[in-house]
Amino acid sequence: MSDDGSGPRVSEYVIETDNLTKRFKHVTAVDGLELRIRRGEIFGLLGPDGAGKTTTIRMLCAIMDPTEGSARVAGFDTVREPEEIKKRIGYMPQQFSLYGDLTVLENLVFFADIFGVGREEREERIARLLEFSRLSEFQDRRAAHLSGGMQKKLALACTLIHQPQILFLDEPTTGVDPVSRREFWDILTELHLQGVTLFVSTPYMDEAERCSRVGLMFEGSLIVCDVPERIKGLVEGELLEVRPDRLREAAHAIEPLPGVLEVQTYGDLLHVFVDSADRRAPTIQQALTEAGIAVHGLRQTRPRMEEAFISLIRKRLEER
Amino acid sequence: MIGRILTIARKELLHILRDRRTLAVMFLIPVIQLFLLGYAATTDIEHLRTAVLDADRTSQSRELVEAYRASNYFDVVAYVADEEELARLVDRGEVRAGLIIPAGYGADVLAGRKASVAFVIDGSDPNVANTVLSASQQVGQAEGLKIIERRLGISPDEMVAVEVQPRVWYNPEMKSVNFMIPGLIATILFTLTIMLTALSIVREREQGTVEQLMVTPIRPFELIVGKVMPYVLVAFFDVLEVLAIGVYWFGVPIHGSLGLLLALAAVFLITSLGMGIFISSIANTQQEAMLTVWMILLPALFLSGFFFPLEAMPGFLQAISYVIPLRYMLVIIRGVILKGVGLNALADQVGALLIFGIVIMVFAATRFRKRLE
């Protein structure tokens, strides 16, 4: 019955792509993407701007056709059965995409009616979502007059009005202050606990720590896709954090030293990957002193997601 | 389905009510256009500023000047001493016409010889010049007949071999406002609906809200119908508004059936809404939409017969006019209002509009997809 490709296919994955590719006139935005995401995951799609995150999400939400390959979401094909998918997913685009001249409540009512939520059900759900998103006291304010963080929360509430199984969020915290960001992620975690599958793209590496699994996207393809702990384990060597004077000169002095794998700059810090922290720390200290560069701090630290990704992207670039 | 259409329509209505500027555009602009065109775009010439060079200074010459003045076409605002002075006044635009009566005019009239005068017309605006030309000839001929009548002692009516008795139908006073206002209603209907639908749909794309709508169960057809519904109401309100001002302020008589007029306006709306939707499918920003609207609007205004009569255009322009829907609506609305004709007389035009409307709607609707490029 399901051989003709229509109807849901039973699979342990709620999102499944096969060689998903999207080419625009001048670039290949998504290049042979292979993704498998299980029900109930918080999947984080990480990557710099232009990596192809938005294009991927749009194809998964069945509002953009792939040039090649295919994707199944909730068991339905994104090209052949887009409307079945839309009933089951929520999508929050990166850009604020609600009606600014409508109030918080009017926006919620509008999307409830479009999704055909019954009147009684509607009142109940809206009240719950307003509370959930901490917007109850702003329900009569026009959406355009909300702060950036509140706008994101309203957008999230609107995408939840039809109780989707899978939620796609495209950079939901970009341009939001740190406090609101934390609050937003608390809400996402709550949804995760309720059993909603979350697919979140973000350029913020620290947010990856809150995902159950993370994919790093770069120039249209996945460089790595695993649980955060294991991705951090992929980084070769150990990490030393150095706080020197004259950052650039210090970096140049450290790079040629034996046992140094990679040097990354972070504000006024240097992150130095070495084969062994114990053996190389004194050498680095010495080299900097000889070069006349004062060192205000040098300690070993655990690599975070951010160092791991930068290191992985660099490696990918060097391979070419 | 109906529920979703009404949801979209209600939302659109809220947008309209909350946007003062759009409200003003929708309800005030038609009125302003009507008053501007009703008064300004008239080709009726009255009280044209005229200078007189009377080198004759006889009672005959004064009688001629009086005849021109009494015609109401000309106001004598200056007497000049020579042609240079007349030329100066025309150059500066202080007068638009000049009557030159040479010395000896009175003597010629009395002696029964052919007397001649010159009439100078500022021809820079050919429309005005044409009317002035015929008015000046009419007044001159009437004066000539009076002189002959006096000389021969018989009425000129008895001398004429062929008499033409003109009967002007439909608009006997030949008031151009009677002609302008029906045309204006059609034009406003066209302009407003094409612009408002195009802008309202493009706005959703520009603000990114269309991306959010794409992941809802809404069908393109429902979105379009819901979005244009409020603008159809606005369009009909504007038609009635302009019609009321036309009738009660400008005194334009409506000879035909108002119901038929509104029904045919609805047929015309299919076309202009369809064009608006089509434009919205090719434009990405409101600015682009606006420019495209103007690219369609300007030729439509000039080639539809709204400003210039189609009969006077060269053949290839007339051929182009057949693909301009406004052309048919102008015939319909002028026919119903001025001539009081019914559906029978307008069958060709109504048929053409229906074909246009359906083709454009279907074309526009198929271009409107729930997909990003």
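Domain bounds, as used here, come from an automatic or database domain assignment. On that basis, chain A of this predicted model is divided into domain 1, which covers residues 2–227, and domain 2, which covers residues 236–302, and the centres of these two domains, taken over C-alpha atoms, are separated by 41 Å. Chain B is likewise assigned a domain 1, built from the two segments 2–41 and 175–367, and a domain 2, which spans residues 48–159; in this chain the corresponding centres, again taken over C-alpha atoms, are 47 Å apart.

The confidence scores were considered before the details of the fold. The model as a whole has an ipTM of 0.84 and a pTM of 0.80. For chain A the average pLDDT is 90, with 97% of the residues scoring at least 70, while for chain B the average is 88, and 97% of the residues score at least 70. Within chain A, residues 1–5 have a pLDDT that stays under 50, and the model gives this stretch five contacts beyond four places in sequence. Where pLDDT is low, the predicted coordinates should not be read in detail.

The contact between the chains involves 21 residues of chain B and 23 residues of chain A. On the chain B side, the elements that contribute two or more residues are helix H1 (2–18) and helix H10 (209–214), and H1 of chain B provides the largest share, namely seven residues. Sorted by class, the side of chain B that touches chain A consists of six nonpolar, eight polar and seven charged residues.

Chain B also contains an open sheet of four strands, arranged in the order E2-E1-E3-E4 and with mixed pairing. Its edges are formed by E2 and by E4 (118–121), each of which pairs on one side only, and the twist from one strand to the next averages 30°. Strands E1 (residues 48–54) and E2 (residues 74–79) of chain B run parallel and are joined by five bridges, with Thr50(B) having Val76(B) of E2 as its bridge partner. Together with helix H4 (residues 59–70) of chain B, E1 and E2 make a right-handed β-α-β unit. By contrast, strand E3 (residues 97–101) of chain B runs antiparallel to E4, to which four bridges join it, and here Leu99(B) stands opposite Phe119(B). Helix H7 (residues 126–152) of chain B lies across E1, E3 and E4, and runs at about 165° to E4.

In chain A, antiparallel pairing was found for strand E1 (residues 13–23) and strand E5 (residues 68–73), which are connected over five bridges; among the paired residues, Glu16(A) has Arg72(A) in E5 as its bridge partner. Strand E5 of chain A is also joined by two bridges to strand E6 (residues 76–77) of chain A, likewise in the antiparallel sense, and the bridge partner of Val73(A) in E6 is Phe76(A). E5 and E6 of chain A form a hairpin with two residues between them, and in the turn Ala74(A) has a positive phi of about 55°.

Definitions and conventions:
Residues numbered from 1 in each chain as written. Chains lettered and ligands numbered in written order. Predicted model: local features only at pLDDT ≥ 70, side-chain atom pairs only at ≥ 80, totals over all residues. Contact = placed C-beta atoms within 7 Å. Nonpolar A, V, L, I, M, F, W, Y, C, P; charged D, E, K, R; others polar. pLDDT = per-residue confidence, 0-100. Pairing = 2+ DSSP bridges. Right-handed = clockwise from strand over helix to strand, strands pointing away. Axes fitted to C-alpha atoms, helices over the stretch in contact; angles between N-to-C directions.
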